[in-house]
Amino acid sequence: ITDKINALPDGANYFSLEFFPPKTSMGFANLSSRLERMSQALRPLFVTVTWGAGGSTATKSLELAEICQRQLGLTTCLHLTCTNMNRSLIDDALEQAKVLGIRNILALRGDAPRSEEYRDDAQLPEEDSNRDFTWAIDLVKYIRAKYGDYFCIGVAAYPEGHSDESYPEHQDPARDLPYLVEKVQAGADFVMTQLFFEVKAYDKFEKSLRTHESGAFKTIPIIPGLMPIQSYSILRRTTKLSHAKLPGKMLERLDAVQTDDELVKKVGVDILSEMVDHIKKQTSASRRGFHFYTLNLEKAVSHVLENCHLIPPTLQEEDEEAVVDITGPGI
Ligand code: FAD
């Protein structure tokens, strides 16, 4: 991923798309054809495939990653969590990723360990991964130690802070920051954020990283995570789960149309397009990326990408543009 980003010209924009493995074979068939359409029409720089906490989707995540990487030839990033799951699952996932030609891992902690009692070493079976993996940084270090530079590693960040079972009261980016620095210093190559709607909070967050005294984030890609609005109820549910705040003005626009699904989608596309345009303008990075949580859906993200001119030209279009350039006025 970072090689592809670095090969882009200065000032270029790029985007990535997230997909999760469907539960049924019918779902897989539907998603495969949608992915084929989307990859041809939208041309993402890369795609990511989620991993169920505790390894609950291990087989299906690898199956979907195989479709993306092998069948569709997409640069694929496999999400991988490390707590609450046997270490052999981590080893298998990394080995299989390598066999499939996948070069990118998003190294995550996943859900917090079930209880303090379970964290007591005496209670753990000999081979339990919880002995080795408590935080995402443990996985970053593990991958680097075992695979050297083979994998490009991404890590998660939270513009509005992170809270979970172990620290339900915390929702503070400043508390997370030292740990994010450590993840990058341990070998992470890029940072990808939780979804958000407060662009000002994102601006502040990215600035705090770029100017951090450690220098850890000076040049590393920081990719904001955006979730296209598919419906009023999905939006309310996902913002509650992720603790993303909905700015009052945005909520007013959506509240006004909440009973009309089509209008919610339309207003949602406008909102996301405005967010992308805002972030583009604030950008200090030489290449600006955007990551979209697609929820495996096609339309909303396609409209946003079109509106914001994020879809790269096909090779044929590039050639045609080059011809226009040399035969255009003035020659
Ligand atoms: P960490 O970096 O370990 O941080 C977790 C929390 O612990 C933070 O609050 C941090 O401040 C704190 N912390 C870190 N290190 C220490 C330390 N040494 N001492 C004390 N506190 C510490 N989950 C899934 O299950 N599957 C997925 O596919 C998935 N994809 C995701 C993709 C993105 C882009 C993001 C942003 C999240 C994703 N998640 C996924 C959710 C993620 O697993 C959870 O948010 C999890 O609770 C935290 O993971 P992390 O990698 O940020 O953990």
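In the predicted model, the ligand is surrounded by 22 residues, of which His-79, Arg-109, Trp-135, Ala-136 and Ala-156 are the closest; a residue is taken to be near a molecule or strand if its C-beta atom, placed from the backbone, lies within 6 Å of it. Two or more residues of this shell are given by each of the elements β3 (76-81), β4 (104-108), α7 (173-185) and β6 (190-195), where helices (H or I, at least four residues) and strands (E, at least two) are DSSP runs numbered from the N terminus. The largest share, 4 residues, comes from α7. Divided by class, the shell holds 9 nonpolar, 8 polar and 5 charged residues, with Ala, Val, Leu, Ile, Met, Phe, Trp, Tyr, Cys and Pro counted as nonpolar, Asp, Glu, Lys and Arg as charged, and the others, Gly among them, as polar. Residues are numbered from 1 along each chain as its sequence is written. Because the model is predicted, local features need pLDDT of at least 70 and side-chain atom pairs count only at pLDDT 80 or more, whereas totals for chains, interfaces and linings use all residues.

The strands form a closed barrel of 8, running β1-β2-β3-β4-β5-β6-β7-β8 with parallel pairing, and neighbouring strands of this sheet are turned by 25° against each other on average, direction ignored. Strands of a sheet pair through backbone hydrogen bonds, either parallel or antiparallel, and two strands are said to pair if DSSP finds at least two bridges between them. Strand β1 (residues 13-19) pairs with strand β8 (residues 288-293) in the parallel sense over 6 bridges, and Tyr-14 stands opposite Gly-289 in β8.

Turning to the helices, α6 (residues 136-147) and α7 have axes that come within 9 Å and cross at roughly 10°; axes are lines fitted to C-alpha atoms, for helices over the stretch in contact, and angles run from 0 to 180 degrees between N-to-C directions. The two helices α6 and α7 are therefore roughly parallel to each other, a term used for angles under 35 degrees, while those over 145 count as roughly antiparallel, 65 to 115 as roughly perpendicular and the rest as oblique. Ala-136, Ile-137 and Val-140 of α6 make the contact with Tyr-179, Glu-182 and Lys-183 of α7, two residues being in contact if their C-beta atoms, placed from the backbone, lie within 7 Å. This contact of α6 with α7 has 4 nonpolar, no polar and 2 charged residues.

For helix α10 (residues 248-255) and helix α11 (residues 261-282), the axes come within 9 Å and cross at roughly 155°, which makes α10 roughly antiparallel to α11.
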